[in-house]
Each structure stands twice: as structure tokens, then as C-alpha cells.
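Hello,

Here is the structure we talked about handing over. Please have a look, then read my notes below.

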Amino acid sequence: MNDQIIILLFLLIGTAATLFLYIWKAKKHMEYRGDERWEAVQNKANRTANCSHYILLLLLAVVDMVTLHSHVQMTFTLNRVMTIAVLYVAFRNILELSALLYYDRRL
């Protein structure tokens, strides 16, 4: 039961961050009117957020190595896999949001 509460908490945080990201990006796009600086900020933030793909690949490789060498069979339900996928997208959006906030102040 505790793991479901933790997953629900992460899902709520990820959903709120995703909504805030898209609303904030639209507001800033209207404010800056798509100038070159805002495009540079978005490109840098997107490159930073794409680093999450490498983190995902590293985690998958570690899980694969653990399951191969320990002779442990792990089964996942489709529901759990989809929940993990949504959490991954939320994590990537949180990274992009934080990078946008950082680079918007920095550049």
C-alpha cells in the first residue's frame, strides 16, 4: 500500500509540473514573441532534458545486468510498465522545466 501512495504522489507532482511547464512555455513565448534568445533557451533546456534518455538507458542496463547475473526472474504487469513510462515522461518534463527556469535567468 505504501508504494502505491508514493507512486501516486510522484504522479501528482509530475502532472502538476507538466501542466506548469506547458503553460509557462506558452506565456514566455507570448512575452518574448519567439525571439532568438528564447529559442536558444529552449534549445539548451531541451538538450539538458534529453540527458534523461541516457539515464534511462543506464538504469535499464543495470536492471538487465542484475537480472542476468542473479538468476532472478522479474515480471512486470502492463499497468506497472505504463505507470513507469508516465513517471519517466514526468521526470523529463521536470528536468526541462528546471532547465528552462535556469537558462531563462542565466542568458
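For the charges, Lys and Arg count as positive and Asp and Glu as negative, while His and the chain ends are left out. On that count the protein has 11 positive and 8 negative charges. Their mean positions lie 5 Å apart. Keep in mind that this is a predicted model.

Overall fold. The protein has 4 helices and 0 strands. The order from the N terminus is α-α-α-α. The radius of gyration is 17 Å, well over the 13 Å that the globule rule gives for 107 residues, so the protein is more spread out than a compact globule. The C-alpha trace spans about 55 × 30 × 20 Å along its principal axes.

Contacts and surface. Take the contacts in the protein with a separation of 6 or more: 89% of them join residues 24 or more positions apart. Of the 107 residues, 22% count as buried. The accessible surface is about 8,200 Å². Carbon and sulfur atoms hold 69% of that surface.

Where does Asn50 lie? It sits in the loop between helix 2 (36-49) and helix 3 (51-70). Is Asn50 buried, exposed or partly exposed? Its relative accessibility is 28%, so Asn50 counts as partly exposed; buried would mean under 20% and exposed over 50%. The Asn50 side chain makes a polar contact with the side chain of Arg92, at 2.8 Å. Asn50 and Leu60 are 10 residues apart in sequence. In space, their C-alpha atoms are 16 Å apart.

Best wishes

Note on methods
Residues numbered from 1 in each chain as written. Predicted model: local features only at pLDDT ≥ 70, side-chain atom pairs only at ≥ 80, totals over all residues. Heavy atoms only, no water. Helix = DSSP H or I, 4+ residues; strand = E, 2+ residues; numbered from the N terminus. Rg over C-alpha atoms; globule rule 2.2 N^0.38 Å. Buried < 20%, exposed > 50% of the residue type's maximum accessible area, 1.4 Å probe, protein only. Contact = heavy atoms within 4.5 Å. Areas by Shrake-Rupley, 256 points an atom, 1.4 Å probe, with all protein chains shown as cover. Charge placed at Lys NZ, Arg CZ, Asp CG, Glu CD. Polar contact = N/O pair within 3.5 Å; in protein donor to acceptor, adjacent residues only side chain to side chain.
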